[in-house]
Structure formats: structure tokens, C-alpha cells
Amino acid sequence: MDLFESLKAKITSHDFKIVFPEGTEPRIIGAAARLNADRILKPILIGDAADIQSIASAKGFNLTGITIIDPQAYPQADFDTMVAAFVERRKGKATAEQAQTILQDPNYFGTMMVYLDLADGMVSGAVHSTGDTVRPALQIIKTKPGIQRTSGAFIMQRGRDNERYLFSDCAININPNAQELAEIAVASARTAELFDIDPKVALLSFSTMGSARGEEVTKVQEATKIAQELAPDLDIDGELQFDAAYVPVVANQKAPDSKVAGQANVFVFPELQSGNIGYKIAQRFGNFEAIGPILQGLNKPISDLSRGSNEEDVYKLAIITAAQALQN
């Protein structure tokens with residue numbers, strides 16, 4: 001089954017609510033109208049209601065049945081509850097007076113809606129930077145137990161035969177240490193399962209099973225051991241060069257005893273530079289569709305759009321965000 005048809009089938013009956021802080025952005029409004037019309041999930045748009053309706057009318061979007069919330073006009077009692085919850089969550093790092101100002105920011109407001117279970121997930125980033133989207137999530141939603149950092153994965157998909165892989169971390173962590181890399185590997189495997197990938201996780205390097213030496217190699221070796229201890233139920237191996245991870249003939253030569261080599265479908269890069277370069281090479285040279293970044297490791301799903309995204313990207317990432325809610 002097509003990836004998104006499979007995800008739709010998983011989430012449609014759950015009536016998930018996804019909040020969009022950038023409610024006056026036409027790409028967001030168009031995607032929300034489609035999601036609502038297709039009855040996939042329930043969008044919540046944040047922003048001035050008159051402005052949103054005006055833009056929707058000009059573009060021909062039907063917003064009937066879609067919830068629109070303006071933080072400036074939010075019921076005072078409900079806003080006070082949100083402020084108190086924010087102050088408690090920040091544990092002395094913000095006063096009630098500061099929180100009232102902070103929560104006028106649509107990303108903070110939307111993130112608090114997710115935290116308070118008023119929404120099941122959030123999609124932002126069409127006009128905001130990654131930092132503007134991720135910072136509230138790290139302060140409020142925070143990472144799952146046992147995970148120090150969130151990370152960013154891409155689903156790489158090509159062709160009609162549903163050739164599908166997961167690349168990570170390609171978006172967030174510049175140079176994770178061995179513990180962090182191990183956690184990224186495990187989180188990536190769990191993400192892969194959500195997208196109907198039976199994960200075989202390769203921790204990538206320029207070395208295969210000790211063929212080269214160096215601090216970079218040692219880090220991946222240590223990360224592999226930690227990941228295997230964290231998730232003994234998963235097939236995780238490394239360190240592996242990409243050809244050894246992907247090509248069976250090369251795997252037989254370089255890592256004949258590995259359960260992952262030659263059949264990996266989840267590729268964990270040792271640092272952000274190689275991950276970002278790698279997914280873009282696959283996208284441009286290999287004609288893969290790169291879907292993401294999908295933020296991993298948070299207690300509840302928050303998704304970051306590219307500012308160059310189009311309406312279709314918003315539509316798809318909202319579906320992915322709702323699907324991630326299934327794992328909470």
C-alpha cells in the first residue's frame with residue numbers, strides 16, 4: 001500500500017487534532033481545508049479569525065467545521081490555566097507575567113495546547129525557523145525518558161514498488177556523542193516501524209568492522225554497543241560503510257556475520273554534516289522523495305516544516321504527525 005494511504009488508514013478513526021500555529025499562511029490554510037474535507041484529522045488554526053477567513057475566501061478554501069483560535073481572544077479562564085501550567089512546566093524559569101507574554105507567541109501557544117491534550121500534535125515551520133518551532137517543544141513537551149535529544153529523520157521513498165528507507169539524523173544534532181547516537185538509532189527504528197519498515201539499523205562510518213581507526217570510528221563502535229544494549233529486540237549493527245550496509249555482495253565480503261549488513265533500511269549517520277549531505281544526494285541523484293524532517297524522541301509529536309514547503313508538504317506532514325500520536 002502507498003505510504004500515505006497506509007497512514008490514513010491508521011489514523012482516520014482516531015479523530016486526531018493537529019494544531020497549526022501559522023493559521024494565516026495560505027499553504028497552511030489550504031492543507032487544513034483538504035485534511036478536513038478528507039476527514040483524516042481535525043485541524044486547529046491559530047490566528048486572527050477574520051484574517052484567516054478572508055484569506056480562505058480569497059483562495060477558495062472551505063473552512064467549515066475547522067476550529068480557529070486567536071490567542072488574543074482566548075477565554076481568560078482557559079488562558080490562566082495555560083499560564084499556570086507553563087510556569088509549572090518551566091519550574092521557576094518564567095514568572096506568570098512573563099508567561100502571559102510568551103504564550104502570545106503562536107508556537108508557544110500551540111505547543112501548550114499539545115501539552116494540555118487540547119491537541120494531539122503540532123505542525124509549524126512554514127514561516128518560522130526550526131529554532132522557533134523546536135525550542136518551545138524542548139521546553140514544554142520535552143524528550144521521552146531515556147532520550148537526551150530530539151533528532152530529525154527523513155523517509156526516503158522512490159518508485160511504485162514502495163522502495164522506502166529512513167535516514168537519520170539529518171536535521172538537528174551537529175555532532176552527537178556515542179550515547180546520543182545510540183539513542184538516535186533506537187528512536188529511528190521505532191519511527192521506521194510506524195512507516196511499515198521492518199527496521200534493520202546500520203550505524204554508518206567510513207570504516208566497516210574495524211577496517212579503519214580514529215575517534216570518529218570509535219564513536220560509532222561505542223554507539224552500536226550502547227544501542228544494542230538499549231534495544232536488544234532490534235537488529236542494529238555497525239560500524240558499517242554505506243556499501244557494506246546496502247549491497248549484499250559487499251556485505252558478504254566486509255561483514256559476513258552481520259544480521260544487518262547488505263539489508264539495512266534504516267541508516268544512522270555519524271553526524272549532521274554527512275546526514276544532511278547524504279539525504280540530499282539521494283534526493284537529487286537518486287530521485288528519492290525526501291519526507292521530513294520527522295522529529296523523533298519528543299513526548300508528543302511536534303513537526304517542523306521547511307520554509308520552502310508547499311501545501312502538499314503541509315498536508316503530508318500533518319498526516320505523519322497524527323500517525324506519530326499513535327505511539328504515545
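Me: What links Arg34, Glu289, Glu311, Glu312 and Lys316 in this predicted model?

Reply: Salt bridges do: Arg34, Glu289, Glu311, Glu312 and Lys316 are joined by them in a network. Searching the whole structure turns up 16 salt bridges.

Me: Why do the side chains of Arg190 and Glu193 count as a salt bridge?

Reply: Let's set the value against the cut-off. A side-chain nitrogen of Lys or Arg has to be within 4 Å of a carboxyl oxygen of Asp or Glu. For Arg190 and Glu193 the N to O distance is 3.6 Å, so the pair qualifies. Both belong to helix α8 (residues 178–194), and because they are three residues apart, about one helical turn separates them.

Me: What makes Arg190 and Asp233 a link between distant parts of the chain?

Reply: Arg190 sits in helix α8, while Asp233 is in the loop between α9 (215–230) and β8 (235–240), 43 residues apart. Their side chains meet in a salt bridge at 3.3 Å, N to O.

Me: How do you know whether Arg190 and Asp233 are buried, partly exposed or exposed?

Reply: Buried means under 20% relative accessible area, exposed means over 50%, and partly exposed is in between. Arg190 has 29%, so Arg190 is partly exposed. Asp233 has 55%, so Asp233 is exposed. Glu193, at 35%, is partly exposed.

Me: Nice! And how do Asp235 and Lys200 come out, buried or exposed or in between?

Reply: Asp235 has a relative accessible area of 26%, so Asp235 is partly exposed. Lys200 has 17%, which is under 20%, so Lys200 is buried. The two side chains meet in a salt bridge of 2.8 Å, N to O. This pair also links distant parts of the chain, with Asp235 in strand β8 and Lys200 in strand β7 (residues 200–204), 35 residues apart.

Me: Why can Phe242 be part of a nonpolar surface patch?

Reply: A patch residue needs over 30% relative accessible area. Phe242 has 39% and counts as partly exposed, so Phe242 passes that cut-off. Phe242 lies in helix α10 (residues 242–246). Together with Tyr246, Val247 and Val249, Phe242 makes a patch of about 330 Å².

Me: What makes up the lining of the largest pocket?

Reply: The pocket holds about 600 Å³ of space. Of its 30 lining residues, Phe154, Tyr279, Gly292, Pro293 and Ser306 are the closest to the centre. The lining divides into twelve nonpolar, ten polar and eight charged residues. Strand β10 gives the largest share, six residues.

Terms used. Residues are numbered from 1 along each chain as its sequence is written. This is a predicted model: local features need pLDDT of at least 70, side-chain atom pairs count only at pLDDT 80 or more; totals for chains, interfaces and linings use all residues. Side-chain values use heavy atoms; hydrogens and water are left out. On a 1 Å grid over the protein atoms alone, a cavity is a set of points where a 1.4 Å probe fits but cannot get out, and a pocket is an open set with protein on both sides within 12 Å along at least five of seven lines; lining residues have an atom within 4 Å of a point. Grid points are joined across faces, edges and corners, and a volume is the space filled by probe spheres set on the points. Helices (H or I, at least four residues) and strands (E, at least two) are DSSP runs, numbered from the N terminus. Ala, Val, Leu, Ile, Met, Phe, Trp, Tyr, Cys and Pro count as nonpolar, Asp, Glu, Lys and Arg as charged, and the others, Gly among them, as polar. Patches are made of residues with over 30% relative accessible area and no salt bridge: like charges are joined within 9 Å, nonpolar side chains (Val, Leu, Ile, Met, Phe, Trp, Tyr) within 5 Å. Accessible areas come from the Shrake-Rupley method with a 1.4 Å probe; for residues, only the protein chains shown count as cover. Buried means under 20% relative accessible area, exposed over 50%, partly exposed in between (1.4 Å probe, protein chains only).
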